[in-house]
Amino acid sequence: MNLILMILGAVIVAVLVAYVIVKFLPLKLRWLPSILLLVLAGFLGWKIYGGIMEPIQFNEEKVVKYIGVVNSLKIIRDAEVKYYEVNGKYTNDKDGLIQFIDTAQLVLTETKTVVEKVNKGGGVIVDEEKRVTDTIGYEPVIKYFKNKDYKSMFKVPGVANTEFELEIGEVEKVPGLMQPTFRARTPKRGILEGMNESLVKQELEAIETDQIKGEYVSVGSLEEVTTGGNWPPSYDRKVAKKD
């Protein structure tokens, strides 16, 4: 909007200068407004260029900022998933989740089909197949977090003294069956602090499929059963490339 007003203002000034030249300025002095118009044209061109480039630069910078945030949220998500595998629920205890990664172990199981002879009575014996699950060992959870900075996963990258919100809840997936849920998130505004305010406002209202939707960068949900994030797949590729 400011750029449009500036262009309109420049056009009006140019028209007024041209009118003054034709009506009042002697021929020998007409080189002065010509210089003025050249300066005005250069300034206007520079502002137009800046107006075109600013959203492009904003998008490039925001992606860089978001990549670190998405990476941390993926580590939190992986930790919650492992916690759920062991405990059958999620947790909102941040210190406890870090300690879980350091100390917990996952049970390794093997499921196989065995054939058992079953006496049906009256001397009738039949073979029946059964699925049997056996524990075959254990492995440390920390194995899945090698080369991941899980100790700092709750600190929002690039935002001083700020941690991700971490909440848990339950959703009735089918009538009578409650399913645990979790959500970790942080506001976009804090991540984009100091950037163009009008562009930040547009970013907070983003709904496009190739954008991070809404006012937060988040993973999981308290309204539905999911461990997905609200970022598009392109961020997963960027995080993988960074790793």
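Which residues are linked with K62 in a network of salt bridges? K188 and E203 are. A salt bridge here is a side-chain nitrogen of Lys or Arg within 4 Å of a carboxyl oxygen of Asp or Glu.

1. **Basis.** This is a predicted model, where local features need pLDDT of at least 70 and side-chain atom pairs count only at pLDDT 80 or more, while totals for chains, interfaces and linings use all residues. Residues are numbered from 1 along each chain as its sequence is written, and side-chain values use heavy atoms, with hydrogens and water left out.

2. **Salt bridges around D78.** The salt-bridge count comes to 13. D78 takes part in one with R77, at 3.1 Å from N to O. D78 also bridges to K148, with the closest N and O atoms 3.2 Å apart. Helices (H or I, at least four residues) and strands (E, at least two) are DSSP runs, numbered from the N terminus.

3. **Exposure of these partners.** R77 is buried, at 16% relative accessibility. D78 is partly exposed at 24%, and K148 is partly exposed at 32%. The cut-offs: buried is under 20% relative accessible area, exposed is over 50%, partly exposed is in between (1.4 Å probe, protein chains only).

4. **A strand-to-strand bridge.** K130 and E116 form a salt bridge, their closest N and O atoms 3.2 Å apart. K130 lies in strand β2 and E116 in strand β1 (residues 105–121), so the pair ties together parts 14 residues apart in sequence. K130 is partly exposed at 38%; E116 is partly exposed at 33%.

5. **Aromatic pairs.** The whole structure holds five aromatic pairs. Rings of Phe, Tyr and Trp (its six-membered ring) pair if their centres lie within 6.5 Å; planes under 30 degrees apart are stacked, over 60 edge-to-face, the rest tilted. Y90 and F182 make a tilted pair, with 4.9 Å between centres and 55° between planes. Y90 sits in the loop between α2 (31–87) and α3 (94–103), and F182 in strand β4 (residues 177–187), so the pair ties together parts 92 residues apart in sequence. Both Y90 and F182 are buried. Together with Y84, they form one aromatic cluster.

6. **Charges over Y144.** The charged end of K82 sits over the Y144 ring, 3.8 Å from its centre. The charged end of K143 also sits over the Y144 ring, 5.8 Å from its centre. The rule asks for NZ of Lys or CZ of Arg within 6 Å of the ring centre and within 35 degrees of the ring normal.
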